[in-house]
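Try each task before you read its solution.

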2 protein chains.
Amino acid sequence: MRIEVICTGDEVLTGKTVNTNFTYITQKLEDVGLAVKWETTVGDDRDDLLLAFQLAGARADAVIVNGGLGPTVDDLSQEIAAKAAGVELVLNEAWLARMEAFFARRSRVMPPSNRKQALLPAGAEVLDNPIGTACGFAVNIGKARFHFTPGVPRELRRMLESEIIPRLLETSGLQSAIYLKRFHSFGIGESRADTLLSGVADLVPDGTVKLGFRAHYPQLETKLAARGRDMDDLRRKLAPVEQEVRKRLGHYIVAEDDRTLEGVILDELARREATLTTVEMFTGGQIAGRIAHLPGAEKVFRRGIVTRDLCDVFAAVGLDGRGDGITCESAEAVARAAQRHAGSTHALAVLIDLDEGADRLDFSGNVCIAVAAGGETVPRRSRLVGGRDWVRLGAVEMGLDCLRRTLQGLPVSDRIDFERVEEKN
Amino acid sequence: MRIEVICTGDEVLTGKTVNTNFTYITQKLEDVGLAVKWETTVGDDRDDLLLAFQLAGARADAVIVNGGLGPTVDDLSQEIAAKAAGVELVLNEAWLARMEAFFARRSRVMPPSNRKQALLPAGAEVLDNPIGTACGFAVNIGKARFHFTPGVPRELRRMLESEIIPRLLETSGLQSAIYLKRFHSFGIGESRADTLLSGVADLVPDGTVKLGFRAHYPQLETKLAARGRDMDDLRRKLAPVEQEVRKRLGHYIVAEDDRTLEGVILDELARREATLTTVEMFTGGQIAGRIAHLPGAEKVFRRGIVTRDLCDVFAAVGLDGRGDGITCESAEAVARAAQRHAGSTHALAVLIDLDEGADRLDFSGNVCIAVAAGGETVPRRSRLVGGRDWVRLGAVEMGLDCLRRTLQGLPVSDRIDFERVEEKN
């Protein structure tokens with residue numbers, strides 16, 4: 001089945017808005033085993049919309065159109081859909097009533113301009129939008145079934161998942177139960193993960209399990225997508241593959257599915273009724289910034305301290321001097337002192353000694369990390385390379401990951417792909 | 001002149017990469033007064049590439065193709081360009097020599113696979129790429145002039161600005177000196193800015209000045225683009241418009257052109273040889289995280305303190321108790337104590353009292369801000385609405401903006417568009 005996507009709107013075409021709706025649509029379809037073959041973006045222009053619809057209708061089996069269902073004069077999707085399908089626009093009384101009720105619930109009268117949103121091409125099938133006034137619909141143009149969706153991201157997402165993907169799966173004849181398993185890891189690049197996981201999908205010999213990756217430095221997402229008769233069947237099928245992925249990626253997995261590294265840390269700490277202090281230098285508050293605002297963190301996150309100077313770090317946790325410079329010993333001393341000073345059960349200290357000079361591709365930093373937990377401290381040293389931003393992002397992630405590993409009783413010393421083995425001096 | 005863009009590559013088509021290259025291209029063209037009419041994304045597929053080139057060649061005057069110039073087997077742009085243009089691929093000896101020199105400078109031998117990057121359609125014009133091995137080129141397909149560009153963002157950007165935009169401006173007959181002036185503001189929504197600035201572009205009566213906006217909450221970017229004979233002419237032309245924009249947006253302007261709010265703050269502090277302490281609650285380190293890592297901040301940023309509990313805030317700056325709760329008086333007391341405690345000349349305290357319960361669209365927070373500078377403290381109170389993320393992002397920006405306003409001797413009390421007038425009890 002050939003699927004195309006058409007994105008509409010001057011906002012997207014002129015770059016005022018980055019086209020994340022398209023990224024969302026194509027990823028979601030990939031996840032269920034459907035592939036987008038062609039994408040077109042056109043503005044709010046009658047001629048271009050009509051041509052885009054006609055071309056896609058001549059090439060594709062299914063088309064998803066995004067945007068242009070709003071109440072304003074530049075929302076043209078219904079009008080051009082009707083024209084391309086060779087039918088009239090007809091008022092959908094049921095949708096009009098839905099919209100009036102929608103406004104009434106908010107104690108407002110529906111503005112007359114919204115009436116336009118209930119005009120659909122004759123014979124169109126309604127695609128429900130329970131959270132907005134834009135009415136989705138499906139209609140045939142050329143040889144393709146067109147699915148019209150709203151530009152508001154949360155309305156699009158809901159409609160895509162509840163209304164459109166089930167229809168596309170049915171048409172495609174693909175088995176419609178889909179199971180998507182995701183693993184988030186830190187410290188493994190995409191090519192190493194690909195090598196480490198070679199052959200895992202073949203543990204299910206019928207070819208219904210697909211392995212994929214999505215790298216967003218410094219984390220890597222590994223996806224397993226499976227298709228089958230029903231969810232029980234799928235879970236049974238996928239269980240040995242999941243186990244094998246867990247075994248091969250091992251300690252590098254920081255979280256699964258919708259969970260995050262910082263969420264895992266927060267849960268581990270909350271489970272122990274523990275409290276956390278963080279001490280940062282060049283990461284500048286970005287370690288605290290990952291955890292302190294989360295729901296539930298108000299009970300766990302005790303204190304975050306940021307300073308750019310090692311003497312200030314020592315002073316901020318009640319120590320004199322500056323130890324022996326930026327070393328693991330200093331990081332351990334700072335973590336222990338921070339724990340005492342703020343009265344928390346746990347402390348994470350991330351000290352960084354940056355290269356001199358301007359930013360450049362091989363700009364590096366020596367990172368000294370310590371986690372204090374109870375009476376123990378765990379140190380970790382690394383050299384990160386790749387420019388100021390990469391060093392900073394890498395150090396934030398490595399600090400958090402050392403804390404996670406400590407909380408989960410794992411070693412913090414596993415080598416990661418982003419660090420240099422040789423050290424400065 | 002009708003301009004189209006074709007983006008190529010499975011990474012973009014499957015959503016592994018968000019298509020920011022397209023956004024960059026279309027924005028850059030908009031900035032110089034050129035408009036993209038149509039965008040197509042296709043994968044690394046010979047049939048789809050050929051069809052996309054043919055269709056665009058039949059519709060457009062100029063086409064920019066992005067991606068597919070690399071050394072691997074799935075890089076197909078030159079091959080399909082030659083086929084669409086009806087010419088052979090020819091080895092460009094000059095580019096081959098450039099590539100060999102490129103590798104030699106890095107003490108490496110050019111891998112044989114890179115030779116492919118010097119194969120261009122016969123008669124193609126080279127578009128220089130001084131920072132990579134992908135050779136840009138221009139060739140006619142159908143009635144359009146096609147410009148092929150690399151997928152690596154920094155190579156694309158350089159080629160677009162140095163090679164392609166000048167050619168497009170020449171072909172379009174537009175005057176080629178372009179001046180783009182940008183103002184970054186906080187506290188004004190796009191529609192209010194549009195009203196405030198109505199008519200400013202008409203101060204230059206020949207219609208060569210264009211006003212535009214780009215909203216990225218919580219900031220708004222206002223752009224003035226002008227076209228003229230030469231830069232002196234343009235600066236002269238634009239000066240009164242710039243003055244008028246400054247007058248009308250007034251204190252809401254946080255920075256101009258490539259400068260940022262945090263950069264302006266850092267410069268103001270550095271100029272005074274001043275030092276800064278920040279104290280945060282729900283913003284969780286994200287205020288410190290905007291400033292502390294910047295080059296130069298190591299001399300200015302003295303200390304950042306994050307806690308989620310008001311008693312902990314007081315304790316962290318050496319005060320007892322919790323004052324009278326989250327009020328402006330508490331924020332002022334905390335800012336003064338933070339200044340003393342860390343020995344800094346300036347301190348910013350941002351205290352937040354969040355609504356109870358789960359996140360929702362009308363989730364709100366009362367924000368109490370104080371800036372201590374020398375012996376003075378300046379308070380600001382606000383109620384921000386729009387869900388946990390919006391409250392947090394708004395509070396970060398408002399805290400930083402109060403600091404900027406204090407440093408620039410401006411009032412902090414100007415009402416902003418994102419706050420509610422009514423307050424919680």
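Two residues are in contact if their C-beta atoms, placed from the backbone, lie within 7 Å. Keep in mind that this is a predicted model.

**Exercise 1.** Describe the overall build of chain A: what are its secondary structure and its span?

Solution. Begin with the elements: chain A has 14 helices and 18 strands. Next, take the C-alpha trace, which spans about 80 × 55 × 45 Å along its principal axes. Then turn to burial: of the 425 residues in chain A, 47% are buried. Finally, look at contacts with a separation of 6 or more: 66% of these in chain A join residues 24 or more positions apart.

**Exercise 2.** Find the domains of chain A, then work out which strands supply the side of domain 2 that touches domain 3.

Solution. Chain A splits into domain 1 (3-172), domain 2 (177-256) and domain 3 (261-420). The C-alpha centres of domains 2 and 3 of chain A are 30 Å apart. Across the boundary, 12 residues of domain 2 are in contact with 14 residues of domain 3. On the domain 2 side, strand 9 (177-186) and strand 12 (253-256) each give at least two residues. Sorted by class, that side holds six nonpolar, five polar and one charged residues.

**Exercise 3.** Check the length of helix 14 of chain B against its number of residues.

Conventions. Residues are numbered from 1 along each chain as its sequence is written. Chains are lettered from A and ligands numbered from 1 in the order in which they are written. This is a predicted model: local features need pLDDT of at least 70, side-chain atom pairs count only at pLDDT 80 or more; totals for chains, interfaces and linings use all residues. Helices (H or I, at least four residues) and strands (E, at least two) are DSSP runs, numbered from the N terminus. The expected span of a helix is 1.5 Å times one less than its number of residues. Domain bounds come from an automatic or database domain assignment. Ala, Val, Leu, Ile, Met, Phe, Trp, Tyr, Cys and Pro count as nonpolar, Asp, Glu, Lys and Arg as charged, and the others, Gly among them, as polar. A residue is buried if 20 or more other C-beta atoms lie within 10 Å of its own, exposed if 12 or fewer, and partly exposed in between; C-beta atoms are placed from the backbone.
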